[in-house]
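Work through the exercises below with the sequence and the structure in view. Each task is followed by a solution in steps.

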Amino acid sequence: MTIKYVKNAVGRMIPTEINGKPVIPFQGPHGYKTTGWKYGPPIRTCGDYPDDGDKRVADLKTALAKAGLKDGMTISTHHHFRNGDLVANQVFQAAAELGVKDLVWFPSASFPCHEPLIEYLEDGTIHHIEGSMNGPLGRFASQGKMRGAGVLRSHGGRYQAVQDGEVVIDIAVIAAPAADPFGNANGLTGPSACGLLGFALADSQYAHNVIVVTDHIVPFPCIPWQVQGNNVDYVVEMDQIGIPERIVSGTTRITKSPDRLYIAELTAKFCEAAGIIRDGFSFQAGAGGTALAIGNYFGEIMRERSIKARFARGGSNQYLVELLDQGLVEHILDGQTFDLEGVRSMRENPHHVDTSPFTSYNYHGKGNFASMLDVVILGATEVDLNFNANVVTHSDGYLLHGIGGWQNCLFGKNVILPIPLFRDRIPVIRDEVTTICGPGELIDVIVTERGIAINPRRTDLIEGTKDANLPVKTIHELKQEAERICGVPQPAQFTDKVIAAIKWVDGTVIDVVRQVKE
Amino acid sequence: MATAGNKGANIRSDCFVTLELTDRGGLEISLDSKVGALYGDSINTLAEEILAHFGVEHARLLIEDRGALEFVLAARIEAAIKACVETDKEYLPDLIPKSQVQNTKDRYRRSRLYLPGNSPKLMLNAGIHQPDGIILDLEDSVAPGKKDEARLLVRNALRRVDFYGAERMVRINQLPMGLDDLEFVVPHHVNLILLPKCESAEQVQQVDARIAEIAARHHIEQPIYLMPIIESALGVVNAYPIASASETVVALAIGLEDYTADLGAQRTESGHESFYARGAVVNAARAAGIQAIDSVFSNVSDMEALRAVVKESRSLGFDGMGCIHPRQIKVVHEAFAPTENEIEKAKGIVQAFDQATSQGLGVVAIGSKMIDPPVVKRAQRTIDLAIRSGLLSKNWQDTPEG
């Protein structure tokens with residue numbers, strides 16, 4: 001069978017079919033209009049559930065068997081425990097023991113702790129992964145070893161896909177730090193407390209079968225119920241569902257690198273000069289070391305000018321909580337929580353608002369919070385001369401990161417990417433990025449240690465910062481500077497095999513990733 | 001067999017090369033590079049070119065690369081070759097035009113950032129932190145066995161790295177070894193040489209003479225200045241003769257780590273043990289009409305303590321201080337910035353001078369007080385520094401508020 005390709009709106013050649021399903025090519029950030037109705041899960045009756053509300057079963061394997069696990073099903077998990085997750089691996093171990101094949105794993109993200117799943121990808125228990133593939137799993141996929149093509153979606157795109165019925169979840173396994181026997185669950189207490197369970201929301205609403213797994217069972221009612229027991233089929237108790245110190249991973253610390261601090265400071269200065277930091281503004285606070293430092297600089301500026309932010313969207317973390325406690329931020333809209341201080345504050349401070357990919361990111365909704373943000377700070381592995389950016393592959397072609405909320409946040413009013421001009425000789429600004437994850441028309445400013453490039457479309461920002469004594473350059477100048485220092489890289493080598501599709505927030509395909517020629 | 005460079009889990013922007021000359025079989029280059037997919041071909045080409053340049057025809061070369069830039073790769077390969085082959089040749093990367101910085105004797109030397117001479121990673125971004133000067137160090141930060149390869153790396157860095165306008169300084173080794181270091185730096189756009197553990201005027205003259213000789217041979221016309229570092233009791237005693245030993249000496253620095261060791265005293269936070277020495281160095285520098293530069297502050301995480309130290313340093317009369325971490329630069333600059341009072345006074349003097357000039361008057365006066373030309377010059381410097389420090393607008397004369 002010959003594969004057919006079409007060119008999408010960012011000029012990438014996209015196969016018309018991936019994993020046997022037809023593909024809709026990307027048509028511009030707002031180009032694709034969909035019609036129809038949301039997906040609905042099957043109707044259930046109370047008569048089939050215990051009157052005493054106790055849905056506990058013996059173990060995960062029993063629950064999966066009762067849920068009717070069989071070949072080819074789609075199984076979802078979520079990533080609130082990040083690199084400390086102990087549940088996803090057990091799900092597929094149980095599936096393998098039950099002799100089930102060709103499953104699709106649909107996580108909200110994967111982490112290096114999921115490396116053991118390679119065994120199940122190799123033995124055919126798992127057919128392919130639809131979700132971010134960080135580290136080892138991405139490398140495995142990039143080597144062309146996965147049976148099907150991976151499908152990467154943003155957090156909002158994942159919700160959209162579930163809501164629209166593009167992905168039908170047969171069984172959702174929701175690891176919950178606290179739950180009652182009825183299935184009400186939250187992430188606030190228990191040894192694996194992680195804050196909230198927003199990424200499991202779509203799964204709990206739309207999956208045909210929902211299994212809640214916990215190591216901290218409380219008597220009914222478990223409140224607040226972030227996951228509602230009325231959506232839950234089975235509850236499983238386990239000794240341990242996560243490794244607390246890895247749930248709160250070390251990446252959520254302010255960078256100590258003087259170069260990155262310099263970029264952070266320059267970013268904050270730019271925002272101030274551009275008039276973005278004003279009383280009542282809002283910002284997205286990322287979890288990377290540089291983004292955290294920028295939040296801190298925002299705090300300094302607000303303190304100095306006696307102004308405050310109306311809200312910050314983010315993973316709560318100690319630094320953001322500090323701003324909240326000092327009254328410099330009025331509300332934190334939490335998508336996930338990055339450290340124990342964040343979890344504590346969520347429990348105790350009513351100015352936290354639980355959000356989910358539905359409220360913050362879903363593109364097929366009646367608006368979302370991301371587009372209301374005054375400024376979002378994001379990362380990228382590469383940016384091209386048209387400001388198109390890559391966040392999933394490295395310049396050598398390997399798929400090593402997920403999209404996360406990155407695409408969804410591009411709809412913020414000012415999108416700034418603070419990035420070093422080169423990393424270990426690899427220039428960030430390229431003629432063409434390896435994988436386009438976000439269209440340049442949504443990316444406004446690149447801040448590097450060697451200068452700031454403003455997207456020519458943003459004449460307002462160019463005009464607004466021209467007297468600010470900031471090192472503003474064109475993106476061409478920055479590229480030249482990087483190449484003068486590093487040399488011009490040779491193109492990475494790929495085979496024709498498509499190993500993953502990159503979805504846009506509306507379900508269209510913006511790019512594909514090919515197998516690396518090793 | 002010879003090796004050069006660094007390797008290890010934390011090494012980045014560097015490489016480790018192993019060279020073995022063979023009798024036959026041509027060149028066998030193996031590359032293990034983190035950036036092989038993007039630069040593999042160009043690294044191989046470069047290695048072949050350098051081996052050919054030195055006439056090496058049969059050899060096994062292993063390059064373990066962690067993202068080294070070309071000038072680093074070249075320095076490492078050249079170092080390995082020179083450990084195996086007797087040669088006068090050099091493999092010189094192209095000089096970038098930006099590596100030529102026009103220099104003056106009295107430019108600001110508030111901060112100078114030390115960069116270990118055998119660690120390329122720290123060199124690359126040093127300039128973005130805007131120190132007044134950067135120091136490529138061949139002395140204490142380079143292990144004795146690594147001196148040869150560090151000389152080549154420093155030479156190549158001087159030719160290739162844009163330090164974004166910072167004064168380009170090199171700290172050579174103690175004499176006599178330091179005299180041989182000069183061959184690797186003088187022809188390559190260096191602005192200033194730091195002479196460590198200086199104890200006599202004669203040492204300064206020795207360095208001066210060697211620089212003049214190399215500069216003449218390479219037709220270098222730019223001035224190359226000297227900053228002797230006083231690091232011993234004898235050095236303190238001879239501070240004035242050292243400071244006035246040559247026209248090229250533009251600053252006198254003090255190094256307190258070695259000085260206190262020489263005294264047999266403990267270095268304390270209050271610094272009373274070095275109070276005499278610091279005063280003596282400032283005094284000698286002023287007597288010779290040059291700048292006085294303080295030592296470094298070694299606790300890189302305590303910015304408040306640094307601020308206090310710099311303030312004291314300034315009050316003693318120093319013009320600048322060494323930095324061992326980029327984050328120290330900003331604090332040092334802030335502490336050496338002029339005070340509000342000084343700025344106001346300087347503004348008055350500069351305005352009076354401008355008015356007098358526009359009226360064609362030869363004499364500048366504020367009220368009935370006459371202002372001498374050196375005072376005007378000093379005021380202009382204060383204004384300049386205030387603008388650089390962000391305390392005064394560039395167009396301060398256009399707005400009544402300043």
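**Exercise 1.** How many residues of domain 1 of chain A are in contact with how many residues of domain 2 of chain A?

Solution. Residues are numbered from 1 along each chain as its sequence is written, and chains are lettered from A and ligands numbered from 1 in the order in which they are written. This is a predicted model, in which local features need pLDDT of at least 70, side-chain atom pairs count only at pLDDT 80 or more, and totals for chains, interfaces and linings use all residues.

Step 1: find the domains, whose bounds come from an automatic or database domain assignment. In chain A, domain 1 covers 54-130 + 167-247 and domain 2 covers 258-492.

Step 2: count contacts, where two residues are in contact if their C-beta atoms, placed from the backbone, lie within 7 Å. The count is 12 residues of domain 1 of chain A against 16 residues of domain 2 of chain A.

Step 3: sort by class. Ala, Val, Leu, Ile, Met, Phe, Trp, Tyr, Cys and Pro count as nonpolar, Asp, Glu, Lys and Arg as charged, and the others, Gly among them, as polar. The side of domain 1 of chain A that touches domain 2 of chain A has eight nonpolar, four polar and no charged residues.

**Exercise 2.** Describe the contact between chain B and chain A.

Solution. Step 1: 19 residues of chain B meet 18 residues of chain A.

Step 1: on the chain B side, helix 1 (residues 36-53) gives the most, with five residues. Helices (H or I, at least four residues) and strands (E, at least two) are DSSP runs, numbered from the N terminus.

Step 2: the residues on that side of chain B comprise seven nonpolar, six polar and six charged.

**Exercise 3.** What does the radius of gyration of chain A say about how compact the chain is?

Solution. Step 1: list the elements of chain A, which are 15 helices and 30 strands.

Step 1: apply the globule rule, 2.2 Å times the number of residues to the power 0.38, with the radius of gyration taken over C-alpha atoms. For 518 residues the rule gives 24 Å and chain A has 23 Å, so chain A is as compact as a globular protein of that length.

Step 2: turn to chain B, which has 14 helices and 14 strands.

**Exercise 4.** Which residues have the most contacts inside the largest nonpolar core?

Solution. Step 1: such a core is a set of buried Ala, Val, Leu, Ile, Met, Phe, Trp, Tyr and Cys residues joined through C-beta atoms within 7 Å. A residue is buried if 20 or more other C-beta atoms lie within 10 Å of its own, exposed if 12 or fewer, and partly exposed in between, with C-beta atoms placed from the backbone.

Step 1: the largest core has 288 residues, and Ile174(A), Ile211(A) and Leu252(B) have the most contacts inside it. Helix 2 (residues 70-84) of chain B gives the most to this core, with nine residues.

Step 2: leaving out residues up to four places away in sequence, Leu252(B) touches several residues, including Pro228(B), Ile230(B) and Val281(B).

**Exercise 5.** Describe strand 30 of chain A and its pairing.

Solution. Step 1: strand 30 (residues 509-516) of chain A has eight of its eight residues buried.

Step 1: strand 29 (residues 494-503) of chain A pairs with strand 30 of chain A in the antiparallel sense over six bridges. Strands pair if DSSP finds at least two bridges between them.

Step 2: Val513(A) in strand 30 of chain A is the bridge partner of Ala500(A).

Step 3: the two strands form a hairpin with five residues between them, and Gly507(A) in the turn has a positive phi of about 95°.
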